[in-house]
There are 2 protein chains.
Amino acid sequence: MGSSSLFLDTVTNKVDAKGRVSLPSDYRAILKNLSTDVVCYRSLTSPCIEGCTEDLLEKLAANMESSMDFFSNEQDELTNLIFGDAKRFPFDSTGRIVLSEKLLKHAQISDTAVFIGKGRKFQIWSPENWEKEEQRIRQAVLQKRPQLFLNNKGDN
Amino acid sequence: MGSSSLFLDTVTNKVDAKGRVSLPSDYRAILKNLSTDVVCYRSLTSPCIEGCTEDLLEKLAANMESSMDFFSNEQDELTNLIFGDAKRFPFDSTGRIVLSEKLLKHAQISDTAVFIGKGRKFQIWSPENWEKEEQRIRQAVLQKRPQLFLNNKGDN
DNA sequence: TTGATTCCCATAAAATCCCATGCTATACCA
DNA sequence: TGGTATAGCATGGGATTTTATGGGAATCAA
């Protein structure tokens, strides 16, 4: 059955006064499966929170080691940004994580969070920002590749 | 879950008159997990303290022995510099380490220390220096290659 | 002794756990 | 088919445990 490890779907959950949000249960299943934790960080390019498995970051770290870049400058800068901003968010027995002030502020989230599956990653948006973003994406897609829709009529 | 060994996040702690600082609890968990100590040394390139597990230095040493060509002489020298400067910093029962005058001075830290996770390593900065450094890095990285940031393909 | 270093205890604040409740979707049965 | 039982889930609130940090006693070195 569903032993996939892709973050999918769009789920809207409440954020309470303590910053607690239920992680979508599908996501939790993935994490249990891989026995890893979620890691979240501020998106570099959008007003949203980004998340992935700790696994993924481990791979990143391993890559950097094997490239023997213990002293490299460029890698240093990158790692500062990624690992310095990322934080583990283990979920409790009721399936919730506690988002930090820093993250909530960056994503302008007050009491509602929208989880957007993105495959290996996912994002967390405020409802308002996500609505705008979705519009923007849809338009961008339409403008860039109208042929996408002309060619594949039947299968969607 | 969390059996990972990545240093993450950014944590600000106080340094008291004796030079004592609480090591971030996540870091302590990692060290317990690997049953190894932290090792700290002066960064070769920045006004900050650098730290990692003793483990990692072991691996570095092993690499130097086994691969003749892989490491340049230059890197060998750098590594030796680090070994000469590095010192073990075991944490006490309340989770604190005692930073030496030498390290504090190099990082210009007086009464506040900022821990920056870097994956296999971490850094300790003064709040002022870190603020500047973060700005600098963000700009540098965004200009150079924003697409590098964990975006495997086109999913952002 | 004097100065420094290490250990131990105390406390407030913050993070985490635990239980209770209501809701939803699915399974089951008549 | 329709109606009900059941399991899983989201969410609220309070209790409990960790954590950060200050101060002092004990140990060690010169």
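A residue counts as partly exposed when its relative accessible area falls between the limits for buried, under 20%, and exposed, over 50%. By this criterion Asp26(B), with a relative accessible area of 32%, is partly exposed in the predicted model. Its partner in a salt bridge is Arg88(A), at 3.9 Å from N to O. This contact crosses between chains, running from helix α1 (residues 25-34) of chain B, which holds Asp26(B), to strand β5 (residues 87-89) of chain A, which holds Arg88(A). Arg88(A) has a relative accessible area of 13% and is therefore buried.

Over all chains, the structure holds 18 salt bridges. Another of these joins the side chains of Arg120(B) and Glu58(A), with an N to O distance of 3.3 Å. This pair also crosses between chains: Arg120(B) belongs to the loop between β7 (112-118) and β8 (121-125) of chain B, and Glu58(A) to helix α2 (residues 54-66) of chain A. Arg120(B) is buried, at 18% relative accessible area, while Glu58(A), at 21%, is partly exposed.

Within chain A, a salt bridge of 3.0 Å, N to O, is formed by the side chains of Lys102(A) and Asp85(A). Lys102(A) lies in helix α4 (residues 101-106) and Asp85(A) in helix α3 (residues 73-85), so the contact ties together parts of chain A that are 17 residues apart in sequence. Asp85(A) is buried, with 6% relative accessibility, and Lys102(A) is partly exposed, with 32%. Both residues belong to a network in which salt bridges with shared partners also join Arg42(A), Glu134(B) and Arg138(B).

Phe115(A) and Phe122(A) are both buried. Together with Phe7(A) and Tyr27(A), these two residues form one aromatic cluster.

In chain B, the rings of Phe7(B) and Phe122(B) have centres 5.0 Å apart and planes at 65°, so the arrangement is edge-to-face. The pair links distant parts of the chain, with Phe7(B) in the segment before β1 (10-14) and Phe122(B) in strand β8, 115 residues apart. Phe7(B) and Phe122(B) are both buried.

Contacts between a charge and a ring were also found. The charged end of Lys87(A) sits over the ring of Phe89(A), at 5.0 Å from the ring centre. In chain B, the charged end of Lys87(B) sits over the ring of Phe89(B), at 4.8 Å from the ring centre.

Technical notes
Residues numbered from 1 in each chain as written. Chains lettered and ligands numbered in written order. Predicted model: local features only at pLDDT ≥ 70, side-chain atom pairs only at ≥ 80, totals over all residues. Heavy atoms only, no water. Salt bridge = Lys/Arg side-chain N within 4 Å of Asp/Glu carboxyl O. Helix = DSSP H or I, 4+ residues; strand = E, 2+ residues; numbered from the N terminus. Buried < 20%, exposed > 50% of the residue type's maximum accessible area, 1.4 Å probe, protein only. Phe/Tyr/Trp six-rings, centres within 6.5 Å; stacked < 30°, edge-to-face > 60°. Lys NZ or Arg CZ within 6 Å of the ring centre and 35° of its normal.
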